[in-house]
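Please keep the sequence and the structure in view while reading.

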Amino acid sequence: MHLHEARFIGSPMKKLSGYDLNGWRDLAARNWVLQSDGEENEVPSAVIEGGLLGVVVQTGDGPRSTLIGGAQGTISPHGLGEGWGAIGKSGRRTRIRDFLSGNEVSVEQLTAALVGLSSAASFGVASLDDIPGSSEVLQERMLAALRKAKISTPLLVWRSVLAALYAIESGDIASGQSLGVICHSATGLCVQRLKIRLERDQARDVLAPERKAAGRLLPSEWGYEGLAIRAKQAVFSCASTDRTEHLEWARSIGRLMLGMAPGPEVLRMRNGDWEVITPPTLLELAGLELPEGLAAELLGCDTVLVESLAEGEVRSKLHEQIRELVSAPVTMLPPDAIADGALWAARRLSKREPIYFDFLPQISTIVQRRDGAENYDLIDSEATLSAGEVYRSPKPARFAIQAGQETFSIFLNKETSGRPRKAQVFIGVKSKEPVPVDLWVEQSPAAGRAKILLHSESSGHRFQVDWDGAEELEESWEDVLASLQRGTPTIPARLVLPCGPGAWNDSNRGDGLYKLLEKNVDRDEVDWAAIASKLSARPDGQYAISSDGEIPGSITETGRANLLHVTERAVEHVQSRLASRLVANNDSLRFLTWQFRRCPPEVTGWLLDALDQEIRGHRLFTLGAHWKLCYQGLGRIAATRTSEQQAIHKILGKTIDLWSWQRETAAMAFMLSRSETAPRLLTRKDVERVAKRALREFDENLKSTYTRFQYAPLLLVGLLRWRLVEPFALVAGQDPVADKLAQSVEKTLSDLRHPSRVRALAKYGRILEQTLDELRGEGTNPDLLLDIFGGADGSDG
């Protein structure tokens, strides 16, 4: 620890901390020191070094295990190799850099790293790399870790801003200046341009940086990773043996890469022997060049700040190259400038003074206008926010949930994300009339993921859209917009019946799938009926397994293993029945087919073979009612192009007049609506035959209670997905088959308006109107198939 201008202050102290946790050279600055008598005294700045190439180590095992970071973790022998015995075993030592830059960020590890530097302060600020695509998950977990480190009021601030704050508080920056900041980063140099604003505060005038865009990363071997590779090679080259595992954690690597002359270092080898290495005192810097475009990025800046954790020759060489390249005056900040800047930010936070002003990355959605789909930005492009301020969309996007809809979809695009997404929102209640819904965003700068919220004032419902759980689309945002424009006939989106944890968990209705599988996994007599019924259940509109065969990501490994084992037993159970070794009902087969495309492929073969024996009879399907399971099960589980082609061929091989609405119609509807490939397997002749069956299904339900109608709209709209093959096919006004289908739908709508069919009209009226839109090639509901499924009681059965 070293003090900056140490002086003691007698007034009550607000404890402040600034963190520069980067994994290369971890630093913290705080406004107090602990005296030998245990008293805490206030100082302007006390800087704490956490060590080079910082680590978090695990001490102890099991419940007594503890994570240690900071200098104490760096000097400990934990995880340094087998030569250190049990404490040296692999896995006890994790580089801070690895979990800062990886996909799996542990709050516990972050907390240990922060506590190793400083903890228990009223206000604390930590640095964030100002690079494109900065992880929002890391931001959220860093804030959580700061709170666990007993920071009462935490805040995250970009490195470039902290560099500017350090320079401002040093008196080197003036109001109105355009400030360039170069941040030494892992893979090169990050460049940012900030505008310095003068803000009138109650106590004083305050200069604050304004950030209008994310920093730009310019790759270069000057990056810390490039320097680390050179340092590692230099250290390895001075070893006396060919074995290098004991050199991986040599402290000389960190010192050499950051320009600090390493001395001789004693290292313990795998066999317990010791080796003394004497690395070079200087890092070889020949061939290091600044990235192209650096000078252009800084044109027009009044002054340029450079922040680097390096010392000595590395620091001076970097400074020299930048100074020669950049026309503006260049100031090289000290290595602890970011930590000190964070302390200044904490000081401002404690006084409610402006720290900096930031933009928010754009989040957009798509709204439908009369003349087509339109991009709708949820964030004002001119908005700038003070640190910690919460932004809310001033003009929400407005959608309409149609009568009878339980689910609807929203397209979303984030400026910081590579691909757009499609989020499905489950409402839970079917409205009797259209309901307006507002969509807006709430977000704070550098505070993690934005909240994307939906609210219906008339119904009182409020939902948060799950960006991470939304489907990532292959198309660009422009292509998504184009696909929704009027002109090219629309294609109904493939139906994917979603999965969720509801069916897995226990409820007041009984055991969930987790418990049922656990009870039956090793049971002599498996309760196939209970498990099959649980798989076919749809709590909150979600099955245990999606129609694509996916399982919710939150399901445990034990749950997955039990499902696999019980599935294997079900296959054996059905095989025993096929071989006449066992007499039983079809519940085990039901269990298999309700796994949709996750079902073992041999089951598809059994069902296809059974279709050939329908007339003369089959061991599994001895009664007429059993064939419903055969056909519908096949429609659920056919998962390959070959199996779909065989199923379609067998079904179309029957005269359509002999089709049953619960068998052939249902199976064909399932495949055409849920498969990406099945519609592409149809010929024009096949399309006309399926259309003829759809017309018959509609006609046979006229003047009825429509209890046998649920698969007819699904078959018709699924058939319209043949536009994947012929984009302008089956469009009313252009295709005679489509004209007949449209006339049949209109006739059904007229029939549904009879006073005796009010319930059927409520169930099918709106989706049939949207089916007419699709027949005209002007579909406005991309999830029409899902709405048809949900409107028709949401069941395959």
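Two strands are said to pair if DSSP finds at least two bridges between them. The model described here is predicted.

**The sheet of three strands**

An open sheet has 3 strands in the order β6-β5-β7, and the pairing is antiparallel. At its edges lie β6 (66-68) and β7 (93-95), each of which pairs on one side only. From one strand to the next, the twist averages 20°. Strand β5 comprises residues 55-59 and is joined to β6 by 3 bridges. Within this pairing, T59 has T66 of β6 as its bridge partner. Helix α3, formed by residues 107-115, lies across β5, β6 and β7. The helix runs at about 50° to β6.

**Antiparallel pairs**

| Strand pair | Bridges | Partner residues |
|---|---|---|
| β5 (residues 55-59) and β6 | 3 bridges | T59 and T66 |
| β27 and β28 (residues 462-465) | 4 bridges | L453 and Q464 |

**A nonpolar surface patch**

Which residues make the nonpolar surface patch of about 320 Å²? The patch is made by V266, W274 and V276. Of these residues, W274 has its place in strand β15, which covers residues 274-277.

Terms used:
Residues numbered from 1 in each chain as written. Predicted model: local features only at pLDDT ≥ 70, side-chain atom pairs only at ≥ 80, totals over all residues. Heavy atoms only, no water. Helix = DSSP H or I, 4+ residues; strand = E, 2+ residues; numbered from the N terminus. Axes fitted to C-alpha atoms, helices over the stretch in contact; angles between N-to-C directions. Contact = heavy atoms within 4.5 Å. Patch = residues over 30% accessible without salt bridge, like charges linked within 9 Å, V, L, I, M, F, W, Y side chains within 5 Å. Areas by Shrake-Rupley, 256 points an atom, 1.4 Å probe, with all protein chains shown as cover. Salt bridge = Lys/Arg side-chain N within 4 Å of Asp/Glu carboxyl O.
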